[in-house]
Amino acid sequence: MSAWLDQTEEEQMMQIRRTVKQRKMPEVSYADRIMERVENMDRRSRRLSHRKGSWAKKTAISVSAAAVLGGVVLGSGFVSPVMADALKKVPLIGSVFQYNLDPSLKQASVSGLTTAPNLSVTRDGLTMSIKEVMYDGTRLAFMIERQGMDDDTVLSPYLPEGATNVSGEAQKKVPVEQQKKGYMFMPEVTIQGKTGFFGSFTDAVGKTEDGKFIRNMAMYEITSGLSEKQLPNEFDMTVKMNVSGFKEPFEFQVPVKNLAKGNVVLHPNQTQSSGSFSYTVKSIEITPVTTRLILDSKGSVPSTPEQSGEFSATKMYYDIVDQDGKPLDQKMIGFFHQNPKTEYHEDETYSPFAQKPTSITIKPYTMTVKNDWSVVEDGKGQPVKTYHKDLEMTIPVQ
Amino acid sequence: MERFSPGAGGRDDIEAVVEKVKNGDRQAYAVIIRAFEHQIYTYCYYILKNREEAEDALQDIFIKVYQSIDKYNRQVSFSSWLYKVAYYHCLDQLRKKSRRKKLIDDQKELQQLDDHRQTSSERAVEELLMNLKPEERNLVLLKVVEQYSFEEIGEIMDCKPATLRKKYERVRKKLIQQKSKEGGLTHERMVRSN
């Protein structure tokens with residue numbers, strides 16, 4: 001009898017162990033994210049050696065002067081709506097951003113705010129080229145084109161160094177000699193000796209005029225953390241990209257230029273509050289290509305009587321309008337299947353203003369979700385926004 | 001399929017990697033992260049009862065460990081040291097949480113825990129666990145799941161092994177009582193057939 005009881009308990013403990021260990025992480029691994037933060041941290045210890053540049057290695061490096069595309073760089077970089085429309089209809093030779101899915105990159109290309117460095121590296125019949133670069137002080141994006149092979153796949157399906165699966169097992173890597181050549185791994189960017197930028201790499205780079213997806217091209221973009229580095233308007237960027245089937249990375253020394261004039265960076269440090277919720281706008285960056293809003297918020301979101309019972313309020317989101325009430329489009333809105341937190345650091349990008357505004361107004365709003373986290377929509381299929389007028393903030397732009 | 005878990009044999013490998021990191025090989029830390037992230041995630045998840053919070057805690061813990069890696073001197077195993085940071089970090093998070101409105105959050109969290117891919121017995125185990133107090137759950141996670149000795153747990157929690165043994169006995173009894181309440185009928189049937 002006691003043996004049975006013991007067995008039950010032993011079995012029970014094993015079940016607990018099994019159930020807990022079976023729980024999967026939401027992501028495959030957090031190592032990259034954590035290592036990015038590690039690399040960004042201030043180092044006080046001098047024992048940590050910096051990675052040496054690879055100039056000593058035998059890689060083909062191509063350096064060349066940059067050409068300004070479009071040639072239409074107006075005084076402030078801001079283009080009047082009429083001019084913008086006219087420019088859109090002119091196909092630019094050599095421009096690839098003009099077909100981009102991101103309308104502000106398209107605009108940047110068309111209004112002459114990008115550069116075409118004309119850099120190529122060819123190995124074994126495969127050529128990788130950096131075609132176009134956009135830098136406006138707050139975002140940095142460049143396009144890499146592959147020539148010498150025509151393949152639907154651009155990004156590498158092979159695993160990079162040190163990859164593990166969900167349970168932490170090291171994945172069997174296909175050795176370099178056996179890999180199919182020509183697939184791109186995420187590039188490593190070094191600016192003024194610094195690495196570890198928050199970058200994104202995609203092969204969804206746009207459609208041509210006849211509606212077909214652009215092939216054999218990828219775009220790398222640094223989406224945040226640039227302005228605080230206070231880079232000069234011109235600098236060199238080293239791009240190292242591993243390509244499947246090649247032991248050594250393809251390397252480029254890319255000259256980067258900020259052609260956007262009339263950029264404004266504000267640090268209002270203004271706070272608005274209502275009840276227990278408050279937010280402080282830390283900075284606003286206005287360029288002809290991007291509008292960026294960085295703020296910190298604290299407290300529980302205010303909710304209306306309609307947002308109760310089976311409905312609840314989401315976290316706070318922020319719309320931006322100019323002095324005439326004209327709104328910007330937010331680049332990406334994240335939906336979270338959980339209760340709002342009580343502290344947020346928001347770093348969000350929006351479409352650019354057509355003209356430099358004289359003042360901007362921040363309009364916080366929440367959306368409404370049901371118990372299953374689905375968002376309540378209006379008749380037109382748009383999420384219902386509940387604006388909080390008492391939390392609006394107007395900021396003058398000098 | 002053996003998951004890389006630091007135990008006998010694996011332990012020395014980890015210590016070697018930690019030495020590399022201490023000597024300036026920053027990238028070697030990624031190996032440490034990959035070796036432990038799943039364990040630390042599940043630990044944080046069961047203590048904090050929230051997926052997003054567990055993700056945040058996981059990352060913060062690895063950052064804290066990295067920042068203080070110079071202080072690690074092999075007086076305890078690296079994994080005990082890692083769990084110590086995790087334990088105190090989660091304690092902090094729980095304290096901060098308790099200051100917020102708890103009622104609605106708990107309801108929503110319990111809903112979130114309902115993972116439709118789980119079997120009913122798995123769900124029963126989760127309910128069993130989640131009904132324990134955080135301190136009790138912590139002990140179960142370290143002793144039953146990660147199978148640390150009471151000496152090691154003592155190092156993690158800054159507590160005497162003897163005290164932990166007593167606490168663990170109480171939690172064990174609690175678990176058996178709860179389990180037998182549910183499995184009551186089955187148990188009776190077995191008794192009769194004897």
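A residue is counted as buried when its relative accessible area is under 20%. In the predicted model described here, 48% of the 398 residues of chain A are buried by this criterion. The secondary structure of chain A consists of 4 helices and 20 strands. Among the contacts of chain A between residues at least 6 apart in sequence, 66% link residues that are at least 24 apart.

The largest nonpolar core comprises 68 residues, and those with the most contacts inside it are Ile16(A), Tyr29(B), Ile40(B), Tyr43(B) and Phe78(B). Helix α2 of chain B, spanning residues 29-48, supplies the largest share of this core, with 14 residues. With residues up to four places away in sequence left out, Ile16(A) is in contact with Val125(B), Leu129(B), Val140(B), Val144(B), Val145(B) and Leu175(B).

Within chain B, α2(B) packs against helix α3 (residues 51-67) at an angle of about 135°, and the two axes lie 8 Å apart. The crossing of α2(B) past α3(B) is right-handed. On the α2(B) side, the residues in contact include Tyr29(B), Ile33(B), Phe36(B), Ile40(B) and Leu48(B), while those of α3(B) include Ala54(B), Leu58(B), Ile61(B), Phe62(B) and Val65(B). The residues of this contact between α2(B) and α3(B) comprise 16 nonpolar and 4 charged, with no polar ones. Among the residues that meet there are Glu37(B) of α2(B) and Arg51(B), Glu53(B) and Glu55(B) of α3(B).

Definitions and conventions:
Residues are numbered from 1 along each chain as its sequence is written. Chains are lettered from A and ligands numbered from 1 in the order in which they are written. This is a predicted model: local features need pLDDT of at least 70, side-chain atom pairs count only at pLDDT 80 or more; totals for chains, interfaces and linings use all residues. Side-chain values use heavy atoms; hydrogens and water are left out. A nonpolar core is a set of buried Ala, Val, Leu, Ile, Met, Phe, Trp, Tyr and Cys residues joined through side-chain atoms within 4.5 Å. Buried means under 20% relative accessible area, exposed over 50%, partly exposed in between (1.4 Å probe, protein chains only). Helices (H or I, at least four residues) and strands (E, at least two) are DSSP runs, numbered from the N terminus. Contact means heavy atoms within 4.5 Å. Axes are lines fitted to C-alpha atoms, for helices over the stretch in contact, and angles run from 0 to 180 degrees between N-to-C directions. A crossing is left-handed if the near helix is turned anticlockwise from the far one by less than a right angle, and right-handed if clockwise. Ala, Val, Leu, Ile, Met, Phe, Trp, Tyr, Cys and Pro count as nonpolar, Asp, Glu, Lys and Arg as charged, and the others, Gly among them, as polar.
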